[in-house]
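Hi,

Here is the structure I promised to pass on. Have a look at it first, and my notes follow below.

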Amino acid sequence: MPATAMADDADPRIGLGAGWLDAQQAASGLELLAHQDRPEGFYQPSNPGNLSYANSDMAFSGKYAFVGNFNGFNIYDISAPSNPVLTTSVVCPGGQGDMSVYGNLLFMSVEETRGRLDCGTQGASGTVNPDRFRGVRVFDVSDITKPVQVAAVQTCRGSHTHTLVTSKNDPENVYVYVSGTAGVRSGAELAGCANTAATDPNTSLWRIDIIRVPLAAPQNASIVNQPRLFANPETGALDGLQNNPSTPQHPSGSNWSPRPVTNHCHDITAYSEIGLAAAACAGNGLLLDISDPANPVRLDEVSDPNFAYWHSATLNNDGTKVIFTDEWGGGTGARCRTTDEPSWGADAIYDIVDGKLKFASYYKLPVAQTTQENCVAHNGSLIPVPGRDIMVQAWYQGGVSAFDFTDSAHPREIAFFDRGPINASALVTGGFWSAYYYNGHIYGSEIARGFDAFALTPSEHLDKAEIDAAATVGFDRFNAQHQPKLSWPASFELVRAYYAQALRTGTLKANTAANVRKFVDRAERFKDGPQANAAVAQLRAVSHQLDTSVSAQATLAKSLNDLADALDRTA
């Protein structure tokens, strides 16, 4: 199957100068609007790659970005994306710092044994410590300047990541799927924890934890299920999926790192609107039915001999495709070298056909990185360009890449941003942990350097009209692993985006194209004045000039008529 070819030597990302906060930069289709260094208390000047202070995942609510860190979290006011303002810093060590937000509640993953119930910085020594916390914290952020922890749900393996799941049939609760990847804690510290074989029905391995959070009483959050998603449906064996790598060594000839052994999930993305979730579970990718959030059901599973570690997942807006990422090297290794195949440490794109996952292609950052740069596929989200499947994605020190996978068999990069390595002579862990689109802009959480804000810029791959139409999609909140349904209001921006796409197909006759542009411009001038009815007539008239037997023109015609209907209702 096609894999993305590496870019040639002319790519501006090649040879960028190194530096912690002053590395050289290269970009295409993305403009860096602002950068904020990590604040005091969230970095170690003598060791910028110290993972105890690493920036991690992000969530968004209203005008705020919540940026996780292994030492706590920071909240930025992004009402002016070109000037993010640090609003609140909370020191609360425990590792990972995965963030989600829902209403006035902020959720945070805690995995490391140093985590404490009281967010203290003194750690929690010993094998058994009553003050230790590993699981999911819940903060009330009604006062954004003073988050208050209102719940702390302990789990046996801590929380490496978590996923919010909602249901229109259960609006009083939100569910949290907890993916724990670390070792199992002692049963003497948390009752019921057992680091035992799959023959033990009570083992803490081969499961996820599901927390139910009553929105009216979040302090009562508790685990309500621990489903065995990997079980063999015929034998009942708990370890029913991949328990050993498919070959003694990775296809590169190196040892497996990490090992693709499915006794946990690393990350789950829930698309609650359509009742589906995609789960990346170490050795397998899963498709889940989550129509009953407390009781997910496995629909399908896939494996891949090239994948070292199934890390995360993103569905397309139609729910007909899934992108799974492979975190070969665990995120701290250089895995985008010239010697690394495009199918290693990459995305795997699957079509969903009759409820089953069907492999389509790989996508990998199409330019080699140095041995001083940790680089592999990591977290991203959809960019809401109508009519296209486009994703923006972090690649650690490989930077940020936006790519089009509308044709799932032939994905292609359309924009990027990159910096040189942190250190020119040694690998210092850093780079983008996450890159997410939110309400018109792209934001990046950079492990060692801080927080970035970007704007998309027009190019041969992405028209200004498409960028403008994407910006009409707005959310009150955004959590990448609680994937929202995208919808576009009838607008002139949407019409012009579909017009740009119809032009790109080469099927529009020159006179028809000129008429569409002229009539749409005229309708926009007329829409708010005494000629509002004429604006509606202009849009309907020009829609009839299109050849609706051509898909792109049919979509354009529909958008013209939808806009005419919307204007007619307000005239």
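Predicted model: local features only at pLDDT ≥ 70, side-chain atom pairs only at ≥ 80, totals over all residues.

Residues are numbered from 1 along each chain as its sequence is written, and side-chain values use heavy atoms, with hydrogens and water left out.

On terms: working on a 1 Å grid over the protein atoms alone, a cavity is a set of points where a 1.4 Å probe fits but cannot get out, a pocket is an open set with protein on both sides within 12 Å along at least five of seven lines, and lining residues have an atom within 4 Å of a point. Grid points are joined across faces, edges and corners, and a volume is the space filled by probe spheres set on the points.

Back to that second largest cavity: its lining is Cys-156, Arg-157, Val-178, Gly-180, Ser-204, Arg-207, Ile-208 and Asp-209. By class that is three nonpolar, two polar and three charged residues (Ala, Val, Leu, Ile, Met, Phe, Trp, Tyr, Cys and Pro count as nonpolar, Asp, Glu, Lys and Arg as charged, and the others, Gly among them, as polar).

Of the 24 residues lining the largest cavity, Ser-381, Leu-382, Phe-478, Ala-480 and Gln-483 lie nearest its centre. The lining splits into 12 nonpolar, 11 polar and one charged residues. Strand 15 (267-271), strand 19 (310-315), strand 23 (380-383) and strand 27 (432-438) each give at least two residues to it; helices (H or I, at least four residues) and strands (E, at least two) are DSSP runs, numbered from the N terminus.

The largest pocket holds about 580 Å³ of space. It is lined by 23 residues, with Thr-166, Ser-167, Ser-272, Glu-273 and His-482 closest to its centre. Here the classes come out as seven nonpolar, 10 polar and six charged.

Now the helices. Helix 3 (residues 510-526) and helix 4 (residues 532-543) have axes that come within 8 Å and cross at roughly 160° (axes are lines fitted to C-alpha atoms, for helices over the stretch in contact, and angles run from 0 to 180 degrees between N-to-C directions). So helix 3 is roughly antiparallel to helix 4, the word used for angles over 145 degrees. Their contact (heavy atoms within 4.5 Å) includes Phe-519 and Phe-526 of helix 3 and Leu-539 and Val-542 of helix 4. By class, this contact has 11 nonpolar, two polar and one charged residues.

Helix 2 (residues 492-505) and helix 5 (residues 551-570) pack at about 165°, their axes 9 Å apart, which means helix 2 is roughly antiparallel to helix 5. Among the residues that meet are Tyr-498 and Tyr-499 in helix 2 and Leu-560 and Leu-563 in helix 5. That contact divides into 10 nonpolar, three polar and no charged residues.

Two backbone details to finish. Ser-257 and Pro-258 are joined by a cis peptide bond, with omega about -15°, and Pro-258 sits in the loop between strand 14 (222-225) and strand 15. Gln-96 is not a glycine, yet its phi is positive, near 70°; you'll find Gln-96 in the loop between strand 6 (85-91) and strand 7 (99-102).

Cheers

Terms used: Parallel < 35°, antiparallel > 145°, perpendicular 65-115°, else oblique.
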